[in-house]
Amino acid sequence: MKCGVVVFPGSNCDHDVYHVLKHVLGQEVEFLWHQETNLHSCELVVLPGGFSYGDYLRAGAVAALSPIMSAVKEHAANGGLLLGICNGFQILLEAGLLPGAMRRNRDLRFQCEDVLVQVERNDLPFTRRYEIGQVLRMPIAHSEGNYTDSVSGIESLEAAGQVVLRYVDEEARRVDDANVNGSANSIAGICNADGNVMAMMPHPERCAEEVLCNTDGLSVFSAVVEVASEPARASL
Amino acid sequence: MKARVIVYPREEILDPQGKAICEALGRVGFHEVEEVRAGKSFDIELAVDSRREAEKRLNSMCESLLANTVIEDYEVQVFDGEAP
């Protein structure tokens, strides 16, 4: 599967994603510079974490207007697989590819820690290797992951089943203490209506190898690779 | 033409920064402060011929980049002379 990792000035998880796709999963991967205007026929496009444009103005706001984003939007509109992680999530919101917005974390802190998230959808190309209700441990590292939208926006997101991951505690309960950044309804990851675009605040690429003592994130990538190898993929 | 754009969190959106500033003001004796909403302002110079055109372009700038209208409102001020 040909994968592309978009690099904005200030991206800093681009090499981690590249490493997992190429060296852990043996896929063909290339970096796509933000000034480019085409995606080199990549089937999976990842917007990685980092601080694109130094988070100037709002996290992801300037990156969302990069030249490559027109091609990314076209890719998504054509059913192409698109994954945003952390800053990538923020960029997808700013680009209007997913609904909602990010505010500063509730406690105004940069939070860098392991969190627990529960899987609510396993019919997506990115989550089909998980069970519904499965709790994953993944690291987060962000200041602006406090997901929000208008009341009607959150309602329609929930009604459409577009919440993929939620912050939970050890007993898989959705409690305020486990909602690390104060996100509306403990939302940690969402997808678009068609399910080909997904974004999440936790970093699956940072927990995708035994050597890191946590492989909970590997299935996000291995699932996509698996989907791409199936002939039925065309029907997505 | 000189202009100022003010962007601030929408009323219904909880503003964690404003809340922290409000509490800090209370700690230094400004107990009368009941609410703070923290925003941003942009001083912009435009090469346009009319005030109307400036307002139109600035509104469009807010919609496309300067404000995220999911969580923020904005106000556009165009000045005839120097910005105050």
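Trainee: In this predicted model, how many of the five residues of E4(A) are buried?

Mentor: Both faces of strand E4 (81-85) of chain A are covered, with Leu81(A), Leu83(A) and Ile85(A) buried on one side and Leu82(A) and Gly84(A) buried on the other. The strand is therefore largely enclosed by the rest of the structure, and the number of its residues that are buried is five of the five.

Trainee: Which residue stands opposite Leu81(A), and in what sense do E3(A) and E4(A) pair?

Mentor: Strands of a sheet pair through backbone hydrogen bonds, and the pairing may be either parallel or antiparallel. Here E3(A) and E4(A) are joined over four bridges. The residue opposite Leu81(A) in E4(A) is Leu44(A), and the sense in which E3(A) and E4(A) pair is parallel.

Trainee: On which residues of H2(A) does the face turned away from its buried side rest, that is, which exposed residues does that face carry?

Mentor: The buried residues of H2(A) are Ile68(A), Met69(A), Ala71(A), Val72(A), His75(A) and Ala76(A). Because they cover an arc of only 155° around the axis, they lie on the same side of H2(A). The face turned away from that buried side carries the exposed residues Glu74(A) and Ala77(A).

Trainee: What covers the buried residues of H2(A), and which residue with positive phi follows H2(A)?

Mentor: The cover over the buried residues of H2(A) includes strands E1 (2-7), E2 (28-33), E3, E4 (81-85) and E11 (197-200) of chain A. Beyond the helix, the chain comes to a residue whose phi is positive, near 85°, and this residue is Gly79(A).

Trainee: Is Leu32(A) buried or exposed, and which residues does Leu32(A) touch, not counting residues up to four places away in sequence?

Mentor: Leu32(A) has its place in strand E2 of chain A, and Leu32(A) and Val46(A), 14 residues apart in sequence, are 9.6 Å apart in space from C-alpha to C-alpha. Since 22 C-beta neighbours lie inside 10 Å, Leu32(A) counts as buried. With residues up to four places away in sequence left out, the residues that Leu32(A) touches are Gly4(A), Val5(A), Val6(A), Val7(A), Leu39(A), His40(A) and Ile68(A).

Trainee: Where is Leu57(A) found, and what is its phi?

Mentor: With 17 other C-beta atoms within 10 Å, Leu57(A) is partly exposed. Leu57(A) is found in the loop between strand E3 (44-47) and helix H2 (68-77) of chain A. Its phi is positive although the residue is other than glycine, with a value near 70°.

Trainee: Where is the place of Ala172(A), and what is the value of its phi?

Mentor: Ala172(A) is partly exposed, having 13 other C-beta atoms within 10 Å. The place of Ala172(A) is in the loop between strand E9 (163-167) and strand E10 (187-191) of chain A. Here again a residue other than glycine has a positive phi, and the value is near 60°.

Trainee: Turning to chain B, in what order do the three strands form the open sheet?

Mentor: Chain B holds two helices and three strands, and from the N terminus on its elements run β-α-β-α-β. Strands E2 (40-45) and E3 (72-79) of chain B are the edge strands, each pairing on one side only, and neighbouring strands of this sheet are turned by 20° against each other on average, direction ignored. The pairing is antiparallel, and the order in chain B is E2-E1-E3.

Trainee: Which residue is the bridge partner of Ala3(B)?

Mentor: Strand E1 (residues 2-9) of chain B pairs with E2(B) in the antiparallel sense over six bridges. Within E2(B), the bridge partner of Ala3(B) is Ile44(B).

Trainee: At what angle does helix H2 of chain B run to E3(B)?

Mentor: This helix comprises residues 51-66 and lies across E1, E2 and E3 of chain B. The angle at which it runs to E3(B) is about 155°.

Trainee: What is the radius of gyration of chain B?

Mentor: Along its principal axes, the C-alpha trace of chain B spans about 50 × 30 × 15 Å, and buried residues make up 17% of the 84 residues in the chain. A compact globule of 84 residues would have a radius of gyration near 12 Å, whereas the value for chain B is 16 Å.

Trainee: How many residues does the contact take from chain A, and how many from chain B?

Mentor: On the side of chain A that touches chain B, the residues divide into four nonpolar, two polar and six charged. The contact takes twelve residues from chain A, and from chain B it takes eight residues.

Conventions
Residues are numbered from 1 along each chain as its sequence is written. Chains are lettered from A and ligands numbered from 1 in the order in which they are written. This is a predicted model: local features need pLDDT of at least 70, side-chain atom pairs count only at pLDDT 80 or more; totals for chains, interfaces and linings use all residues. Two residues are in contact if their C-beta atoms, placed from the backbone, lie within 7 Å. Ala, Val, Leu, Ile, Met, Phe, Trp, Tyr, Cys and Pro count as nonpolar, Asp, Glu, Lys and Arg as charged, and the others, Gly among them, as polar. A residue is buried if 20 or more other C-beta atoms lie within 10 Å of its own, exposed if 12 or fewer, and partly exposed in between; C-beta atoms are placed from the backbone. The arc is that of the directions from the helix axis to the C-beta atoms. The radius of gyration is taken over C-alpha atoms; the globule rule is 2.2 Å times the number of residues to the power 0.38. Two strands pair if DSSP finds at least two bridges between them. Axes are lines fitted to C-alpha atoms, for helices over the stretch in contact, and angles run from 0 to 180 degrees between N-to-C directions.
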